[in-house]
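Student: I would like to learn how to read the features of a protein model. Could we go through them one at a time?

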Amino acid sequence: VALVFMLPELAPRISEMLNFFLVDLVGPKCSSLRVNEPEKYHFHPRALLYEIVKIILHFAPFPEFAVAMVRDERSFDPGNLRKAVRVLGSSRTDLTVRPEHLQALEAFASKCVETRESVEAEEASYGEVPDEFQDPITADLMHDPVKLPSGHSVDRPTITRHLLSDETDPFSRARLTVDMLVPDDELRAQIDAWKAKVR
């Protein structure tokens with residue numbers, strides 16, 4: 001099941017959600033996360049944190065997950081992963097946390113740091129990306145451009161993420177489904193040639 005969530009249109013959403021939860025549970029303002037009558041509302045933040053960590057570790061073996069995690073510029077912080085290790089490893093918690101989970105999370109935090117350095121180095125090596133090679137929605141370099149019926153070319157992961165919640169062309173608002181996307185092979189060849197040249 002984990003492999004399904006590593007699809008280009010899903011991995012960023014999953015990682016952003018998990019990063020956001022980590023910010024709330026162990027981020028700089030986590031001490032303000034309080035609930036009156038926690039037992040009444042079954043509010044157990046450490047138990048919730050452990051569940052989040054187990055989900056992260058379920059996806060951790062996939063390289064694309066680490067890439068998606070570090071590309072989340074809004075919420076990703078390897079310090080949150082390491083703080084989760086400290087919180088769950090604390091003797092103050094009444095949870096039974098498996099030591100191998102803490103070790104695996106620490107290893108994943110290190111992997112994320114290495115992945116971010118690699119991603120940043122690769123992006124820096126391209127320099128300024130020509131406008132025609134940028135996704136018109138995200139402004140990122142396209143890797144798998146597809147043509148929409150409206151005539152615009154968009155990176156496949158970008159448009160498929162959009163279609164998960166809204167089956168319309170973002171440029172014309174006409175109905176759009178995944179099977180209507182047409183690979184823009186000519187643009188992809190131009191991008192690949194440009195990347196090979198700048199490398």
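Tutor: We start with pockets. A pocket is an open set of grid points with protein on both sides within 12 Å along at least five of seven lines, and its lining residues have an atom within 4 Å of a point. Keep in mind that this is a predicted model.

Student: What is the idea behind looking for pockets?

Tutor: Rolling a probe the size of a water molecule over the atoms shows where empty space is left. In this structure, the largest pocket has a volume of about 1200 Å³.

Student: Which residues lie nearest the centre of the largest pocket?

Tutor: They are Val67, Arg71, Glu123, Asp140 and His143, out of 35 residues that line the largest pocket. By class, the lining of the largest pocket has 15 nonpolar, five polar and 15 charged residues.

Student: Which helix gives the most to the lining of the largest pocket?

Tutor: Helix 5 does, with six residues. Helix 1 (11-26), helix 3 (63-71), helix 5 (99-126) and helix 6 each supply at least two residues of that lining.

Student: What is the volume of the second largest pocket?

Tutor: The second largest pocket has a volume of about 380 Å³. It is lined by 15 residues, and Leu25, Cys30, Leu33, Pro45 and Arg46 are the closest to its centre. Ten residues of this lining are nonpolar, one is polar and four are charged. Helix 2 provides the largest share of the lining of the second largest pocket, three residues.

Student: Now the helices. At what angle do the axes of helix 3 and helix 5 cross?

Tutor: The axes of helix 3 and helix 5 cross at roughly 70° and come within 9 Å. Angles from 65 to 115 degrees count as roughly perpendicular, so helix 3 is roughly perpendicular to helix 5. Residues in the contact include Val67 and Arg71 of helix 3 and Glu123 of helix 5. The contact of helix 3 with helix 5 has nine nonpolar, one polar and four charged residues.

Student: How should I read a sheet?

Tutor: Strands of a sheet pair through backbone hydrogen bonds, either parallel or antiparallel. Here three strands form an open sheet in the order 2-1-3, with antiparallel pairing. Strand 2 (153-155) and strand 3 (182-183) each have a single partner strand, so one side of each is left without a neighbour in the sheet.

Student: How many bridges join strand 1 to strand 3?

Tutor: Two bridges join strand 1 (residues 145-147) to strand 3. Lys147 has Val182 in strand 3 as its bridge partner.

Student: Which helix lies across the strands?

Tutor: Helix 6 (residues 156-165) lies across strand 1, strand 2 and strand 3, and runs at about 85° to strand 2.

Notes
Residues are numbered from 1 along each chain as its sequence is written. This is a predicted model: local features need pLDDT of at least 70, side-chain atom pairs count only at pLDDT 80 or more; totals for chains, interfaces and linings use all residues. Side-chain values use heavy atoms; hydrogens and water are left out. Two strands pair if DSSP finds at least two bridges between them. Helices (H or I, at least four residues) and strands (E, at least two) are DSSP runs, numbered from the N terminus. Contact means heavy atoms within 4.5 Å. Axes are lines fitted to C-alpha atoms, for helices over the stretch in contact, and angles run from 0 to 180 degrees between N-to-C directions. On a 1 Å grid over the protein atoms alone, a cavity is a set of points where a 1.4 Å probe fits but cannot get out, and a pocket is an open set with protein on both sides within 12 Å along at least five of seven lines; lining residues have an atom within 4 Å of a point. Grid points are joined across faces, edges and corners, and a volume is the space filled by probe spheres set on the points. Ala, Val, Leu, Ile, Met, Phe, Trp, Tyr, Cys and Pro count as nonpolar, Asp, Glu, Lys and Arg as charged, and the others, Gly among them, as polar. Angles under 35 degrees count as roughly parallel, over 145 as roughly antiparallel, 65 to 115 as roughly perpendicular and the rest as oblique.
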